[in-house]
Amino acid sequence: MGQKQKLILQSDPNDETKKRRRVGFSGIDAGIEAKDCIRIFLVSSKEEFDAPANFLINPVDLNSYFDDDGKIYGYEDLKITIWVSRISFYAYADIAFKSSSDRGKGITDLKVALQAIFAETLVDSKDEFLQKYLVDNDFVRTNVSSGEVLKQKAFKHADSDASNVEVVRLVAGNMATGQIYSHIIPLILLLVDGSSPIDVTDPQWELYVLIQKKTDQQGEIQNLLLGFTAVYRFYHYPNDSRLRLGQILVLPPYQHKGYGRFLIEVLNDVAITENVFDLTVEEPLDNLQHVRSCVDTQRLLRFEPIQHLVTKAVSFLKDGKLSKKTHSPRLTPPPSAVEEVRKNLKINKTQFLKCWEVLIYIGLNPIDKYMDNFVSVISERVKYDILGKDSGTSGKQLIEVLSDVSQETSFVMFKSGAGEDIAVQMDDNQTNQEEQLQKLAQDRVIEIQLIAKKVTSHIGTSEVAAN
């Protein structure tokens with residue numbers, strides 16, 4: 001790490017009166033939050049190192065690495081600039097400050113704090129970083145060479161040349177996988193909220209790394225790591241396995257270009273090809289859930305065995321005002337359809353039910369004419385999911401489902417369990433509770449609309465109409 005220290009002493013050393021006055025009015029160090037004095041850049045060349053403004057990243061939480069209150073103490077005019085190599089993922093930090101002194105809160109050990117983030121990837125020498133780790137084309141290539149190439153795809157973007165991208169599978173428990181993961185884990189912790197390292201010695205973990213092959217200015221082939229996902233392979237009785245996506249990250253310079261979607265598509269292919277029980281996601285963030293739902297909804301639109309059920313649900317909503325009925329149905333698909341989707345597409349029940357609502361929305365054309373009915377169904381589903389047995393329907397319940405027989409005779413009867421969990425903490429006040437439920441339903445409708453818009457624009461209106 002480089003350090004620049006400029007000490008400015010303007011007082012007269014012989015003027016004891018001024019010294020005492022300055023000390024007397026000196027306050028306790030208020031400190032500075034880490035996020036306010038640290039900037040981190042992802043760079044891949046000397047030119048980007050010298051002018052990195054376009055490569056700034058925004059960590060989710062820098063403060064957590066600095067004491068309990070997230071502040072740095074003992075420095076005046078502190079500025080920390082960190083460059084992370086997109087070639088090898090080594091990092092170099094430049095620390096500059098006007099002065100340093102203990103003003104009641106001690107002096108933060110910046111080297112220890114930065115090493116807590118970047119560990120062994122933190123380089124002390126600027127020259128070494130520039131001359132070695134910023135041009136190390138062998139790091140990624142060497143460590144992925146033993147992996148299994150699963151799929152390749154050509155990407156063309158308006159702001160860049162066409163590039164070939166491939167997904168390589170690496171199994172944990174070997175040195176190459178450990179090397180790759182140990183170098184990218186600092187960025188995972190900085191960029192993915194609530195993340196924690198996986199156990200790279202456990203062979204049940206698999207890394208799916210997204211690699212772009214690119215020719216640099218010297219004519220050498222670069223293997224750039226654009227992103228990755230970590231998946232855990234669980235045992236499923238009696239002789240099956242389940243895949244759970246635990247981490248996924250596309251590096252900031254490559255986001256919003258379709259790479260994350262490509263990773264999810266590859267995982268879906270793996271789940272089907274290897275005939276696992278299903279593919280799930282561990283506590284997906286909103287952005288990931290949105291992409292995942294777009295991908296799965298598009299797959300379901302092409303899944304013929306459920307199309308007649310979607311048509312039935314759409315016809316039901318088009319048939320009069322639901323407000324005139326004694327209750328609004330949730331219109332859930334039958335268990336046989338849930339199992340068919342899980343078996344063939346490896347989409348679990350929870351995810352299928354979310355996509356099911358999008359399928360119905362897409363089928364309601366023109367949507368404005370039937371929007372009230374659709375909102376009623378979503379509100380009923382949200383109310384049931386949140387309140388369950390406390391929604392005023394405890395005990396035996398009738399739930400309408402779709403089937404091939406008469407709609408009037410299609411229902412499932414069940415008794416609410418005493419131990420069902422309430423997913424969201426609701427206000428005890430009935431009026432406030434209704435307002436909360438209404439807001440949740442509105443948010444869900446907006447989410448459905450965004451997914452439907454993206455799906456229909458991606459596959460074309462004519463194809464949606466045909467389904």
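Contact here means heavy atoms within 4.5 Å. The views below are taken from a predicted model.

**View 1**
Thr 81 belongs to strand β7, which covers residues 79-85. With a relative accessibility of 14%, Thr 81 counts as buried, because the limit for that class is under 20%. Apart from neighbours within four places in sequence, the residues in contact with Thr 81 are Arg 39, Phe 41, Tyr 92, Ala 93 and Asp 94. Tyr 92 is also part of a cluster in which ring pairs link Phe 49, Trp 83, Tyr 92 and Phe 129.

Asp 77 is placed in the loop between β6 (75-76) and β7, and Phe 89 in the loop between β7 and β8 (91-97). Most residues other than glycine have a negative phi. Asp 77, however, has a positive phi near 55°, and the phi of Phe 89 is positive as well, near 65°. Asp 77 is exposed, at 51% relative accessible area, whereas Phe 89 is buried, at 1%.

**View 1. The open six-stranded sheet.**
The strands follow the order β11-β12-β13-β14-β15-β16, and their pairing is mixed. Strands β11 (148-155) and β16 (279-281) form the edges; each has a single partner strand, so one side of each has no neighbour in the sheet. From one strand to the next, the twist averages 30°. Strands β11 and β12 (residues 163-171) run antiparallel and are joined by seven bridges. Val 149 stands opposite Val 168 of β12.

**View 2. Helices α8 and α9 against the sheet.**
Helix α8 (residues 259-273) lies across β11, β12, β13, β14, β15 (240-250) and β16, and runs at about 140° to β11. Helix α9 (residues 286-301) lies across β15 and β16, at about 155° to β16. The 15 residues of α8 should span 21 Å at 1.5 Å a residue, which agrees with the 21 Å between its end C-alpha atoms. Buried residues of α8 include Tyr 259, Phe 262, Leu 263, Ile 264, Val 266 and Leu 267. Arg 261 and Asn 268 are also among the buried residues of this helix. Just after α8, Asn 275 has a positive phi of about 50°.

**View 3. The ring pair of Trp 205 and Tyr 232.**
The model has 13 aromatic pairs. In the pair of Trp 205 and Tyr 232, the ring centres are 5.0 Å apart and the planes meet at 70°, so the pair is edge-to-face. Trp 205 lies in strand β13 (residues 205-215) and Tyr 232 in strand β14 (residues 221-236), so the pair ties together parts 27 residues apart in sequence. Trp 205 is buried, with a relative accessible area of 13%.

**View 4. Arg 342 and the ring of Phe 277.**
Arg 342 lies over the face of Phe 277. The distance from the ring centre is 3.9 Å.

Most peptide bonds are trans. The bond from Tyr 237 to Pro 238 is cis, with omega near 0°, and Pro 238 sits in the loop between β14 and β15. Asn 365 and Pro 366 are likewise joined by a cis peptide bond, with omega about 5°. Pro 366 lies in the loop between α12 (349-363) and α13 (367-387).

Note on methods
Residues numbered from 1 in each chain as written. Predicted model: local features only at pLDDT ≥ 70, side-chain atom pairs only at ≥ 80, totals over all residues. Heavy atoms only, no water. Phe/Tyr/Trp six-rings, centres within 6.5 Å; stacked < 30°, edge-to-face > 60°. Helix = DSSP H or I, 4+ residues; strand = E, 2+ residues; numbered from the N terminus. Buried < 20%, exposed > 50% of the residue type's maximum accessible area, 1.4 Å probe, protein only. Lys NZ or Arg CZ within 6 Å of the ring centre and 35° of its normal. Pairing = 2+ DSSP bridges. Axes fitted to C-alpha atoms, helices over the stretch in contact; angles between N-to-C directions. Expected span 1.5 Å × (residues − 1).
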